[in-house]
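Work through the exercises below with the model open beside you. Try each task before you read its solution.

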Amino acid sequence: MMFSTQSLSGVGAIAAHPWIIIFILIVSIFITLWLMGIEDVEPREPPVVRSKIPFIGHMISLIRYHNNYFTILSKRCTAPIYTIKIFSSRIYIVQSPELAQAAFRQSKEIDFDKIKVWGCKAIAFDKHGTDIVAYVAPAGEGSYSIDLHQEMYSSLAKGPNLLETNARVLNYLAKSLNIIGAEPESRRLFRWLRDEYTVGSAETLYGLPNPVSEDPKLIESIWDFEHDLGMLVLDFFPSLTAPKGYAGRAAAAPVFEKYYNEGLDKNASPLVKGRARAARQWGMTTKEIAQAEITIIMAAGTNTVPHAFYMICRICSRPDLVDSLRTEIGKITSRETDIGGDVVTLDIAKLQSHCPLLVACFNETLRLTKTGASVRTILKDIMLNDQYLLKKGSFLQIPTGVMQADPRTWGPDAKEFKPERWLTQDSLPKEVKKAQTLAFIPFGGGRALCPGRHLAFTEITAFVAMLIYGFELRMNDGSTLPVPKGEFQKLGVASISPAKDLDVLVKRRQEFEGVVWKFDVGDA
Ligand code: HEM
């Protein structure tokens, strides 16, 4: 047998440095394990998208790109559903509208409640509170999770409770418009909306007095909490890895506890009362009820504000759209002379039926701004839509942003704001319209479908309608509003906020100088 001097010197070098052998061995074991990891995916499971770095490649990319990683992967893999593996754990990523809806339908096995148990870490629940949230009742029996679901969905369903909630929030928002006069006033647009909607939601949900209205610094705490939610759920030295969110939740919990201890919840909305009722019934302490409040005030505001902001910017960036909307909105307003002057009332019951262009702008904003993912756990081995095997213990993600901007569903202009697409949907081929209907999932779906969606529709469209109809918005230098780029979107953040705020000037339109603005919310 012949050896080249080079290979002999190589062998010599290896003999002299045994760690080289150890290193090669370790790498080989890792590669073999990695390959085996791939093989343990059954052929009936969704195809695997491999990472360049074995075992941890996808984890590194998720930490690096957060929500944007699903868009990056969607360019590499166009399958209706695929699997990514981190060590031996599986995450199934759904990309087809049909499969997303199938996953929402199969909500008994493709479950949201376990995710809420994870959420207990974000609000610093100890074992007592976490056990109450995690308790799974035997068939036919009750649990906290079942009662909470019932309370939340009934209090925000269409009906008298919702009308009362609409009335509370819109009365607050009307006040913030009524103080604007005929002379231009400056506002930082996102911050203004953030503060008005957060305080308005707090007044609506908790009545007066409440911790947020008493101390507006809490607004920042709530938004910091949302921003750091992903890291708080991971619970890895949160005071260091998510310092702002950590401080935010630490500031909110004691003031809400004080709110309950002083009996101020007697003024709360049916939603807050119902949640507290379910919690007490299953043994939660006042401290735990208070710790959880930040999630509700967060859910109510942190999705609504980015959508209101982008809806305003996108409309105002197109003067033709502003004109058409003013004509449309004019048909659902009435002007009457009262003792103190003129009152202009906007009838919210007619928003849906009489304002197709406004509704189209709302939908188109939701399509482009709601980019987070619905996350679920798989409770047992099941077939998704009778097509794909999903294994117990895995995660499933439905990345809304990928689905709502897929050119295969929405056409080559998928990334553009075109409200008109919603007005011409009926003329599309049947299968295209169906795909768009299935792919439009800003409020999630299945058992976890957002209970606040009706409230969100009213509080966003009614406020934006009044603002566009009665006021002029310009940039500080007099130019038309641009549509600012979105900020980097962290995991756990559902809707895109702007990377940079806009300094705008707002004033009443001449014909509405001195009028009082009102919303007619129906009989609450
Ligand atoms: C444009 C505004 C909003 C958007 C885009 C939105 C979106 C969502 C989404 C995607 C989910 C999770 C669904 C899933 O994973 O399938 C959710 C859950 C939830 N939303 Fe909303 N939401 C909005 C406004 C609101 C408002 C105003 C409230 C009022 C309180 C609210 C309360 C909730 C609650 C309590 C949950 C949790 C439901 C559960 O635990 O099962 N949301 N929302």
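**Exercise 1. The shell around the ligand**

Which helices each supply at least two residues of the shell around the ligand?

*Solution.* Start with the ground rules. The model is predicted: local features need pLDDT of at least 70, side-chain atom pairs count only at pLDDT 80 or more, and totals for chains, interfaces and linings use all residues. Residues are numbered from 1 along each chain as its sequence is written.

Step 1: find the helices. They are H17 (286-301), H18 (304-316) and H26 (453-470). Helices (H or I, at least four residues) and strands (E, at least two) are DSSP runs, numbered from the N terminus.

Step 2: find the top contributor. H17 gives the most, with three residues.

Step 3: pick out the nearest residues. The ligand has 22 residues around it, and Asn303, Gly444, Cys450, Gly452 and Ala456 come nearest. A residue is near a molecule or strand if its C-beta atom, placed from the backbone, lies within 6 Å of it.

Step 4: sort the shell by type. It holds 13 nonpolar residues, eight polar and one charged. Here Ala, Val, Leu, Ile, Met, Phe, Trp, Tyr, Cys and Pro count as nonpolar, Asp, Glu, Lys and Arg as charged, and the others, Gly among them, as polar.

**Exercise 2. Cys450**

Is Cys450 buried, partly exposed or exposed?

*Solution.* Step 1: locate Cys450. It sits in the loop between helix H25 (430-439) and H26.

Step 1: count neighbours. Cys450 is partly exposed, because 17 other C-beta atoms lie within 10 Å. The cut-offs: buried means 20 or more other C-beta atoms within 10 Å of the residue's own, exposed means 12 or fewer, and partly exposed is in between, with C-beta atoms placed from the backbone.

Step 2: list contacts. Leaving out residues up to four places away in sequence, Cys450 touches Phe443 and Gly444. Contact means C-beta atoms, placed from the backbone, within 7 Å.

Step 3: check the record. UniProt, in an unreviewed entry, lists Cys450 under "binding site".

**Exercise 3. A three-strand sheet**

What is the strand order in the open sheet of three strands?

*Solution.* Step 1: read the order. It is E5-E6-E13, with mixed pairing. Two strands pair if DSSP finds at least two bridges between them.

Step 1: name the edges. Strands E5 (333-338) and E13 (516-520) each pair on one side only.

Step 2: take one pair. Strand E6 (residues 341-347) and E13 are parallel, over five bridges. In E13, Lys518 is the bridge partner of Thr345.

**Exercise 4. Backbone exceptions**

Where is there a cis peptide bond?

*Solution.* Step 1: recall the rule. Most residues other than glycine have a negative phi, and most peptide bonds are trans.

Step 1: find the cis bond. It joins Leu208 and Pro209, with omega about -5°. Pro209 is in the loop between helix H10 (189-206) and helix H11 (211-214).

Step 2: look for positive phi. Asp386 has a phi of about 60° although it is not a glycine. Asp386 lies in the loop between strand E8 (382-384) and strand E9 (388-390). Asp386 counts as exposed, because it has 7 other C-beta atoms within 10 Å.

Conventions
UniProt positions renumbered as here; feature names shortened; annotations may be inferred. Contact = placed C-beta atoms within 7 Å.
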